[in-house]
Amino acid sequence: MPTPILVCDDSAMARKMLIKALPSSWNVEITQAANGLEALEAYRAGKAEVMFLDLTMPELDGYGVLETLQKEGLNSFVIVVSADIQPLAQERVKQLGAIAFVKKPVNPADVEGLLRQYGVEL
Amino acid sequence: MSQTLTSDQKDALQEVTNIAMGQAASTLATILSTFVTISVPRINIPEVSEIGSAISKMVGNGKEVTAVRQSFAGHLRGEAIIIYGQEGCRDLADLMGYDEDIDQSAERELLLDIANVLIGACLNGIADILQTGLTFAPPSIMAERVIINSLIDPTQLTWNNALLVEVNFTLEARNFSCHLVTLMPEDSIERLKQAIDTFMENF
Amino acid sequence: MSASLRDFIVDEVGVGLFAVDRQMNLLLWNRYMANHSGRTADQVLGHNLFEVFPELPRKWLEKKIQSVFILKNFAFTSWEQRPWLFQFDHNRPITGGIDYMQQNCTFMPMKGENGEVETVCVVLFDVTDAAIYQRMLKDAMRRVEEASNRDGLTGIFNRRYIEHALTTEIKRVKRYGGSLALTLFDLDHFKKVNDTYGHLGGDEVLKEVSQRVAANLRETDILGRYGGEEFMIIMPATDQEQAYQVAERLRELVAAEPVIFGEINIPATTSMGLTLQADHHESAADLIHEADLALYYSKRNGRNLVTCYDPAVHKEI
């Protein structure tokens, strides 16, 4: 059965770039969200076993999504994808429960390595 | 020739700029030893008659500002302007570790340096996707403590379009924000659009 | 390009060129730098820049060069903020006022194969001539302004002119007779306006009040800016009652509507003092002094008032 994953970024271009960087052998069903509210909706509908999350977005940003997820029990692997690579930003999202941080522009090898590290079957 | 961007082009340019500014944020953070966030909420290409009002609207009508300009040349050519609000200048000096009251020269130097870094980061990031390089002339103070509405005189503009990039630049808890405006002649904007199209085709 | 041609250009290009590595050790020192510093390349190459030149502003310069290593971006300095990097003599010994060669510098990152900056190359331009011209231009502008009769901000007559005009009017009355009134007025709480709305707000009030008053004077009245927020109106062939009526009308006119500054309304009022030329006045200063005293009483009695000078009431403070 394909893994339901969610790609959340306000930029369609960024979503496209990320989806292209995912390992082709990974059996997934992709849902896209353009802001944090849409992401939470998809998460609640069970479409986000793995979530790729941008930080700066309108409506509800990545930090807000992580906070809500924490309150709701955090039943998702969240990988933050951001151009902001300052150590403090990485630390903040990890404290909020994200498992990893991937910098933009996304490098396919980084994503694959990360998924393997967490035992995802590719 | 219409210079408006399609929504796809706008989105791609915004993302590319975001990535460039994100990298700038992390390098700036190293230099300033403070947490920096930079976001690019809006990108727009207004016509010459609307440049002045678009800038005033972006910055806030009637606001007192100081502006730094810097020209660039290469595959893309034009002039970039960083617009600072007055409160921001003082906060920035404070954070940059000028404990004592900074004199006017030190303040100007600071504003020039920050403008140079932001303009370089943004435009080099864009140039990177074009796989080209840009050369920059030294920045200079364009206007000090003027009302935003009088910053740009549209009758003096020889080029037809401007690329307006709103950059919110925040240092730690302080909301220091500034705005970046890039003025480019038509042929450069056309090249930029072509480059974005090529970039998008690769994805 | 041959290496010898490159070397030739580096040495003879007519600007200073030097380069440092991450440890601030000098890797390049062209002839221009050698000639001006008195240190040859042989003496400095391989040595730490700040050890060879301890007089350099180390803290600042190190930060500047480090930023180029980290940001991988060009950086610049301008003589207008920092007149020189190296204390080099300039070649304009007969031009006074400028102590050392004025310099603009460009800091260029040179990347190695791994994409990291390994060397920062600095270009030093002698801009002493430009600095001198700029200074001359500023001096000339100041002289032009001084020579002009107009106040730069408000466009009405300036102090120099209005004092001269007052002296002329007094002489005329002394010789030919007739009356002459003088009104001084001042913007109330102007410092507070500046503090609240900024200097631009204050400037707008000065401009707007000047315009309103100027537009409502009689043809022969002369208006000038006497000081920061102090104005003077010379009223030839005017007796006290007429002068009072004019002043009162102007005061009401200013107070009637606020000054519009962007989207803000700034209320403005004036305090006025007036006096008449009399035989006992020796000079313009005597007349101004009486008007000033009357103005002081307007302030003291609540502001937004016109006071006519009365020697029996308005005593020295």
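pLDDT is the predictor's confidence in each residue, from 0 to 100. Keep that handy, since what you're looking at is a predicted model.

**Exercise 1.** Find out which elements of chain A have the lowest and the highest mean pLDDT.

*Solution.* Next, go element by element.

**Exercise 2.** Work out how the side of chain A that touches chain B is made up.

*Solution.* First, count the contact: 16 residues come from chain A and 17 residues from chain B. Then ask who gives the largest share on chain A's side: helix H1 (residues 12-21) of chain A, with 6 residues. Finally, sort by class, which gives 8 nonpolar, 4 polar and 4 charged.

**Exercise 3.** Do the accounting for the side of chain C that touches chain B.

*Solution.* Here 16 residues of chain C meet 18 residues of chain B. Helix H5 (58-71) of chain C gives the most, with 3 residues. Split by class, you get 6 nonpolar, 8 polar and 2 charged residues.

**Exercise 4.** Check the span of helix H10 (residues 284-300) of chain C, then see what covers its buried residues.

*Solution.* The helix has 17 residues and reaches 24 Å between its first and last C-alpha, close to the 24 Å expected at 1.5 Å a residue. Its buried residues include Leu287(C), Glu290(C), Ala291(C) and Ala294(C). Among what covers them are helix H7 (159-176) and strand E11 (270-276) of chain C. Just past H10(C), Gly302(C) takes a positive phi of about 115°.

Technical notes: Residues numbered from 1 in each chain as written. Chains lettered and ligands numbered in written order. Predicted model: local features only at pLDDT ≥ 70, side-chain atom pairs only at ≥ 80, totals over all residues. Helix = DSSP H or I, 4+ residues; strand = E, 2+ residues; numbered from the N terminus. Expected span 1.5 Å × (residues − 1). Buried ≥ 20, exposed ≤ 12 C-beta atoms within 10 Å, placed from the backbone. Contact = placed C-beta atoms within 7 Å. Nonpolar A, V, L, I, M, F, W, Y, C, P; charged D, E, K, R; others polar.
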